[in-house]
Amino acid sequence: MLLQDTALIYGRYLRQSLRSRFALLFGLLMPLLYLCFFGPLLTGLPLGGQGSSWQLLVPGLLLQLGLFGASFAGFSIIIENSQGVVERMRVTPVSRLALLLGRVLRDTTVFVFQAVLLVLAAVAMGLRAPLGGVLIGFAFVALLTVSLGSLSYAMAMKVHTPQEFGPLVNAMTMPSMLLSGLMLPMSLAPAWLDVLSHLMPFRYLVDAVRDAYVGSYTTGHMLYGVLVALGLSGLAVTVGTRVFRTAGA
């Protein structure tokens, strides 16, 4: 029943996304602008990491896509909540976990699709990376979307207006972007900032994907990245499901 319910919710929201093709492409705009206007500035610079500047920048942009896209996913459920859609779903026999997973898996599908388009654009601009590393990058985007999407929906169920939700999300995403080394490796930072960045879970995901893009699959960065990504996903889905079960009860 869980699989059936999840597939039902997933199909409903995926059809909504497919009807808004402009929104699908617009979500790719920010990382694409970074790729086109920021990427060429790094070419040939000593960035303190393995591989080319593109192999350092593109993994960060992939995770930036998941970070900002999934974190703001909760806006949609605030609108549904105000219109009574969520409450009507919650009084049906459908699994509460399915109500969350259907939405999160839709978001994952959308952001992985956008990640594929971003990588294709990066290849046209000079990115060269092993296929295995590229696929690992997509897997990390998916796990990050599951984590942040679940937390975003849970947070959105606890607030009442977009005006409350927006500042909360910004307070989470901006420090995450600045301290995780999405744009540039934290090895370039002062020692105190590098140490501080290790308290940010997304730092481990970024380091793992960058290693994958240069063909290093057995490093400590990869192990830590996988463990952090899986741990965050499990915790976030658990929290999100609990909120869906109890909110408004």
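This is a predicted model: local features need pLDDT of at least 70, side-chain atom pairs count only at pLDDT 80 or more; totals for chains, interfaces and linings use all residues.

Visitor: What makes the pair E80 and R103 a salt bridge?

Guide: The cut-off is a Lys or Arg side-chain nitrogen within 4 Å of an Asp or Glu carboxyl oxygen. For E80 and R103 the N to O distance is 3.0 Å, so the pair qualifies under that cut-off. E80 sits in helix α5 (residues 74-82) and R103 in helix α7 (residues 96-125), so this bridge links distant parts of the chain, 23 residues apart. Both E80 and R103 are buried. R12 joins them too, as R12, E80 and R103 form a network of salt bridges.

Visitor: How many salt bridges does the rule give?

Guide: The count is five. Among them is R203 with D207, whose closest N and O atoms are 2.8 Å apart. R203 and D207 both belong to helix α11 (residues 201-213), and their spacing of four residues is about one turn of the helix. Both R203 and D207 are buried.

Visitor: Why is R106 called buried?

Guide: Buried means under 20% relative accessible area. R106 has 10% relative accessibility, so R106 counts as buried. Its salt-bridge partner is D107, with 2.8 Å between the closest N and O atoms. D107 has 7% relative accessibility and therefore counts as buried as well.

Visitor: What about M157, buried or exposed?

Guide: M157 is buried, because its relative accessible area is 10% and the cut-off is under 20%. This residue lies in helix α8. Between M157 and T6 there are 19 Å in space, C-alpha to C-alpha, and the two are 151 residues apart in sequence.

Visitor: Which residues of α5 and α8 meet?

Guide: On the α5 side they are G74, S76, I77, I78 and N81, and on the α8 side S152, Y153, A156 and M157. These contact residues divide into five nonpolar, four polar and no charged.

Visitor: How do the axes of α5 and α8 cross?

Guide: The axes of α5 and helix α8 (residues 131-158) come within 8 Å and cross at roughly 35 degrees. The crossing is right-handed, a label that applies because the near helix is turned clockwise from the far one by less than a right angle.

Technical notes:
Residues are numbered from 1 along each chain as its sequence is written. Side-chain values use heavy atoms; hydrogens and water are left out. Helices (H or I, at least four residues) and strands (E, at least two) are DSSP runs, numbered from the N terminus. Buried means under 20% relative accessible area, exposed over 50%, partly exposed in between (1.4 Å probe, protein chains only). Axes are lines fitted to C-alpha atoms, for helices over the stretch in contact, and angles run from 0 to 180 degrees between N-to-C directions. Contact means heavy atoms within 4.5 Å. Ala, Val, Leu, Ile, Met, Phe, Trp, Tyr, Cys and Pro count as nonpolar, Asp, Glu, Lys and Arg as charged, and the others, Gly among them, as polar.
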